[in-house]
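My notes follow in the order in which I looked things up.

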Amino acid sequence: MSAAVAAGTRPRRISLADLTRTGAAVWIVLLAAVLALTVADAGGFWAPANIANVLTATVVLGLAALGQHLVVLSGGIDLSIGSAATLSALLTALLINGYPIRTAPVVIGMLLLGGLIGVLHGLLVARVGLPPFIVTLATLYLIQGAAFTISTTPTGRVTSALSAVALERIGPVPYSFAVLVLAVAVVAFVLARTAFGRQLYAVGGDPAAARANGVPVARVLVTAYVLAGVLAALAGVLLAARATVGSPTAGLGLELSTITVVVLGGTSLLGGRGSLVGTLGGVLLLSLVSSSVTLLQLPATLTDLIRGVVILAAAAIFVTRARR
Amino acid sequence: MTTGTRPVAASAPAGPSAPGGRALLRRALSLLAPLAGLAVILLLAAVTTPGFYSTGVLQLVLFQIGLIGVTAVGQTLVLLVGGIDLSIGAVIGLTTVIIAVYTRGDGARLGVAILLALAAGAVVGLVNGLLVVRRLVPAFVATFATFVLVQGVITAWTRGAPSGNIPGALSPLGTGRWLGVPVPAWVFLAVAVVAGIVLGRTGLGRRLYATGANARATALSGVRTGWIIAGCFVASALLAVLAGLINAGYIGYVDARLSRSLDLNSVAAAVIGGVGLTGGRGRIGQTVAGVVLLAVLLAWLRQLGAGAGAQLIVSGAVILLAVWLQNSGWTPRSPRRNKQRDGVR
C-alpha cells in the first residue's frame, strides 16, 4: 500500500531511494570509508601491499557477485554459489594435484561443471516452476554434501603457475584482478549490448509480459543460471589457486556475501532492475570492510560480526521497497 | 470496508475448515505421500540394516523427532504466512552459548540464563519480523542475514572458542524419559498439539491462514497482518530457543560447530509433510508426518554409516523432491503457481 503511494506522487528530487537504486549510494559510502581509513592510517591503507589485499579480496567475491547479479536481475536468487565455488576449488586442487599438464583441462572441466549446475537450476526454475530460493537452497546442501563426501579435509595441490596468477602482482594490482576485469567487461557487454541482456531485464521485470512479447523466458532463465554457475566455478578455481590446496569449506558464506553486495548496489531482489556499477561498488565496499579488520588490527573474531552487521544493514536500508 | 464479525473465515483455504466427510478424506490423502515415503524407508531399513528395529535406535529416532519437531512447528508457522526462517540454527547455537557462558555449570543461575536465552530469541525473531513486515525484505534474505549476524555475535563474544558447561539441571529436558519415551518427544507433542489447536480451532489460526493465502485482501478486511507475520517469526525463534535448550541438555557441553550449520531440517520436515512454500497451505499434522519421516531417514542413514556429506546430500535431495512433488499435481492450481512457473518468487 505504502509502495503505491510512494511511487505515485513524489516530486522530482534526488532521494535516498534514487541514490540506492542507481548504485550511487554505495559509492558514496565507499568514498566515505576510504576517507575514514585514510585519516585513520594513511600510510598503512595506501601501502601497495594493502591495496593489493583489497583488490585480491575483490576477485573471488566479484566473480561470484557478477553471477548473482545476473540471477537476481532475472527475478531469482542463487543460494548455491558458495557451495558451487567450494566444489570447484576442491576438485581443482584434487584433480590437478601438482601436475602442470592437467591445469588447463581441469579448469575447463570446472567451468563445464559450473555450467551443468546452472543448467540444473535453470531447468528446475524455468521448466518445473519451482521457487528459485528453495531450488538453490536444496542444491546448496547437495553440492556441499558432495564436497564433504569427496574430502572433509583440505587436499590436493595446484600448480605453481596457477597459484602465481592468484598470489603475484604488478605493483598493487594482482594478476587475478585481470580475470575479474575481463569478466566484468563481458557481463557489462552482455547486459547492455545483446538481446539476451535486454530479455533478462524483461523477464525479471514481468515474466508474463515478457512471454507475451515473444521472449523465450525459459531459455533466458537457464542462461542466467548457467552464467552464474560458470562464474561461481571460476571463483572456485581462483580460491584454490589462492590457497594452493582445495578446502571443502573454501566458499563458505560466499552466497550471502554476493547477495549482500548485490543488495548494497541497489539491485531489486524482485528482479528486472539493477545496476552493475552498484554491484561493483558493493564488491569493493565489502572487500574494503573485511580487509580493514586486519589493517586496523581488530581481533579476527570480529570479522564475522562486522560482516553480519553490514549484511543486516544492507538488508534493512538498501533493499528497495517491494511492490506486492 | 466492512468489519463483520468473522471477516476472513470464508477466504481461508481448505486447511482449517470443519472436517466434513470430504474434507476429512482430503486430509487423509494429504498425509498419503509422507506416510508412503515412511513405509518405503522403514522397508529399506529392514532390508539393509538388520539392527534398525531395536529399542536403542527407536529411542534415538524419538529424540530426533522431538528436536527436529520443535523447530519444525515454528518453521511451519512461518511458512504458513508465506515466509521462511533460516535463522533457526543460529538461535539454537546462541541458546547453548548463553546457557554455558552465563551459568558456567551452576544450576542456580539456570533460570535467569533461560530467560536471557528467551529474550535473545525474541529479539532475533523481532528483527526478522520487522525486516520482513516493515522493510519488505524477502524472508529468506532477512533470516539469512540474522543467521550470519548471530553467528558473528557468537564468534566475537566467545572469541571463536566457546567454552563453559551446561548445568546438570537441564539434562532431564534432553536425556530424560517419561513412560519410556524421551522427554523431547513429549515436548514436541505438547508444542504440536497447542499449535494444531491454535491453527485449526481459533480465530487467530484463521487469520494466520488468511494472511498466508492473501495478505493484502486479509489486511483490507481489517486483520493486522503485520503483527501476525511478525508474531510467527517471534514464535519460530522462541521454539528454536526451546530446541536449543533440549539440545544443550542432551549433549551437556558447548559444541563449537553447532552454530555453524544452517539447520535446514525444519524446512525439510515441513516441506516433506506437504506444507506449502507460498503460504496459507498446510497443517501441523502434515508437519508431524514430515518430522517422523525425516527423523527415520536420518537415523537410517546414520545406521548405514553415512558421513556428514551423505546426510547433507540426502537432506537437499529430499527438499527438492518434496517441493517438486508438491508442485506437480495433487494440489489445486492457483494464480501463484502460474507466477512460479515464470520463475517469480
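**Entry 1: helices 13 and 14 of chain B.** I looked up how helix 13 (residues 284–304) of chain B sits against helix 14 (residues 308–327) of chain B, and found an angle of about 150° with the axes 10 Å apart. Angles over 145 degrees count as roughly antiparallel, so helix 13 of chain B is roughly antiparallel to helix 14 of chain B. I noted the crossing of helix 13 of chain B past helix 14 of chain B as right-handed. I keep in mind that the model is predicted.

Which residues meet here? From helix 13 of chain B I listed B:Leu297, B:Leu298 and B:Leu301, and from helix 14 of chain B their partners B:Ala310, B:Gln311 and B:Val314. I sorted this contact by class and got 5 nonpolar, 1 polar and no charged residues.

**Entry 2: helix 13 of chain B by itself.** I checked the length of helix 13 of chain B. Its 21 residues should span 30 Å at 1.5 Å a residue, and the end C-alpha atoms are 30 Å apart, so the two agree. Is helix 13 of chain B mostly covered or mostly open? I found it mostly covered, with 16 of its 21 residues buried. After helix 13 of chain B comes B:Gly305, and I read a positive phi near 85° for that residue.

**Entry 3: B:Gly285.** I picked one residue of helix 13 of chain B, namely B:Gly285. I counted 18 other C-beta atoms within 10 Å of B:Gly285. A buried residue needs 20 or more and an exposed one has 12 or fewer, so B:Gly285 is partly exposed. Leaving aside neighbours within four places in sequence, I found B:Gly285 in contact with B:Leu31 and B:Gly196. I also noted B:Ala192, which is 93 residues from B:Gly285 in sequence but 8.2 Å from it in space, C-alpha to C-alpha.

**Entry 4: helices 3 and 11 of chain B.** I turned to helix 3 (residues 55–80) of chain B and helix 11 (residues 225–251) of chain B, which pack at about 175° with axes 8 Å apart. That angle makes helix 3 of chain B roughly antiparallel to helix 11 of chain B.

**Entry 5: chain B overall.** I counted 15 helices and 2 strands in chain B. Of its 345 residues, 54% are buried. I took the contacts in chain B between residues at least 6 apart in sequence, and 81% of them join residues at least 24 apart.

**Entry 6: where the chains touch.** How many residues of chain A are in contact with chain B? I found 46 residues of chain A against 43 residues of chain B. Helix 7 of chain A gives the largest share of the chain A side, 14 residues. By class, I recorded 31 nonpolar, 10 polar and 5 charged residues on that side of chain A.

**Entry 7: helix 14 of chain A.** Last, I looked at helix 14 (residues 276–295) of chain A, whose 20 residues reach 28 Å, close to the expected 28 Å. Of these 20 residues, 14 are buried.

Definitions and conventions. Residues numbered from 1 in each chain as written. Chains lettered and ligands numbered in written order. Predicted model: local features only at pLDDT ≥ 70, side-chain atom pairs only at ≥ 80, totals over all residues. Axes fitted to C-alpha atoms, helices over the stretch in contact; angles between N-to-C directions. Helix = DSSP H or I, 4+ residues; strand = E, 2+ residues; numbered from the N terminus. Parallel < 35°, antiparallel > 145°, perpendicular 65-115°, else oblique. Left-handed = near helix turned anticlockwise from the far one by under 90°. Contact = placed C-beta atoms within 7 Å. Nonpolar A, V, L, I, M, F, W, Y, C, P; charged D, E, K, R; others polar. Expected span 1.5 Å × (residues − 1).
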